[in-house]
Amino acid sequence: PALGGGDWTRKQRVKPPQRSGAVAGAAAMWCLKPVLHILPIFLVIWSCAGFIITFIIAVERRDVVPFIPFISDTGTTPPESCVFGLMINISAFLGAFTIYVRYKILQSLNEANPLVKSCLNWLAFLCGLLACLGMCIVANFQETALRVVHDIGALLAFGMGTVYLIFQAVISFKMLPLCNDRWAFGFRAFIAALSIIVFFPMIACYFVSGESKFKWDPMDKGYSSHVTSAFCEWIVAFCFNFFFLTYIKEFQKFSLRIKTELHPDFQNDVLTPILS
């Protein structure tokens, strides 16, 4: 896929095989411009809806206490676990696609104005994909089934997600004012800094709280650490969502082209019946 300007188009070309040995081919191209900026909007709405819906179901069924449970606790017991798994898996896919589009945009800009090293863009892309993989692990491996796998997925999602925000904040600074303005950079830097600040207390308080359970009482040992860890987890999760909203303006300036081409080895088999 490549990025550039244009509207919805579809071009198709078919040429007969040439006896001289030159290879003819068929190609089709779709160009998506007017709706590309909707991708981060839909991602944020879908992700927030997934968190809120499963929280409401879990509290209504009294599976968790309403005061700041862990996000994954609200999606552990059926039927909310089914909704949680479905919506988080789709969020992970949308997130990976958004991260890929951002990667291609920076790659295109860097070809004309090499302000950012390509390895930095690639590392940010890799961290973003690992964070999405962690989301899939959290969604499909509930903590009551495989606690260790679930915790690894959560650490991957929040850890690599925070690193992705840091990389993108650095890239935004280096790309000023070509790709984004100072307001966008300032907001991204703030979100990245906030994620760093709350990430470490989230991990530390999670281990300090000790026992893992869904229904906590204020008199329980480790209750304050549990609440602190859960509160930090919600902040980090929504930091990711708010960060993706800053991509909307940039995505409006680019289009995504997907081009398909017929492999030369199969052109004779496919084109000959069409032309006969």
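This is a predicted model: local features need pLDDT of at least 70, side-chain atom pairs count only at pLDDT 80 or more; totals for chains, interfaces and linings use all residues.
Okay, let's start with Glu80: at 0% relative accessibility, it counts as buried, where buried means under 20% relative accessible area, exposed means over 50%, and partly exposed is in between, with a 1.4 Å probe and protein chains only. Residues are numbered from 1 along each chain as its sequence is written, and side-chain values use heavy atoms, with hydrogens and water left out.

So who does Glu80 pair with? Its side chain meets that of Arg61 in a salt bridge, 3.5 Å from N to O. By salt bridge I mean a side-chain nitrogen of Lys or Arg within 4 Å of a carboxyl oxygen of Asp or Glu. This pair links distant parts of the chain: Arg61 is in the loop between H1 and helix H2 (80–112), Glu80 is in helix H2, and they are 19 residues apart. Helices here are DSSP runs of H or I, at least four residues, numbered from the N terminus. Arg61 is partly exposed, at 43% relative accessibility. There's also a network of salt bridges, which links Arg61, Asp63 and Glu80.

How many salt bridges does the structure hold? The count is 6. Another one joins the side chains of Arg102 and Glu250, at 2.4 Å, N to O. That pair also links distant parts of the chain, with Arg102 in helix H2 and Glu250 in helix H7 (residues 248–251), 148 residues apart. Arg102 and Glu250 are buried.

Then there's Asp151 with Arg147, a salt bridge at 3.1 Å, N to O. Why are they separated by about one helical turn? Because they sit 4 residues apart in helix H4. Asp151 is partly exposed at 26% relative accessibility, and Arg147 is partly exposed too, with a relative accessible area of 30%.

Ile166, Val170, Ile196 and Phe200 make a nonpolar patch of about 320 Å². The areas come from Shrake-Rupley with a 1.4 Å probe, and for residues, only the protein chains shown count as cover. Helix H4 (147–174) and helix H5 (182–209) each supply at least two residues of the patch. Val170 lies in helix H4, and is partly exposed at 36% relative accessible area.

Now inside. The largest nonpolar core has 50 residues, and Phe158, Tyr164, Leu165, Ile171, Met175, Phe244 and Phe251 touch the most other members. A core is a set of buried Ala, Val, Leu, Ile, Met, Phe, Trp, Tyr and Cys residues joined through side-chain atoms within 4.5 Å. Which helix gives the largest share? That's H2, with 10 residues. As for Met175, leaving aside neighbours within four places in sequence, it is in contact with Leu106, Leu109, Leu115, Val116 and Asn180, contact being heavy atoms within 4.5 Å.

Last stop, helix H1 (residues 38–60), which holds Ile52. Ile52 is partly exposed, with a relative accessible area of 45%. Its C-alpha atom is separated by 9.3 Å from that of Thr74, 22 residues apart along the chain.

Note on methods
Patches are made of residues with over 30% relative accessible area and no salt bridge: like charges are joined within 9 Å, nonpolar side chains (Val, Leu, Ile, Met, Phe, Trp, Tyr) within 5 Å.
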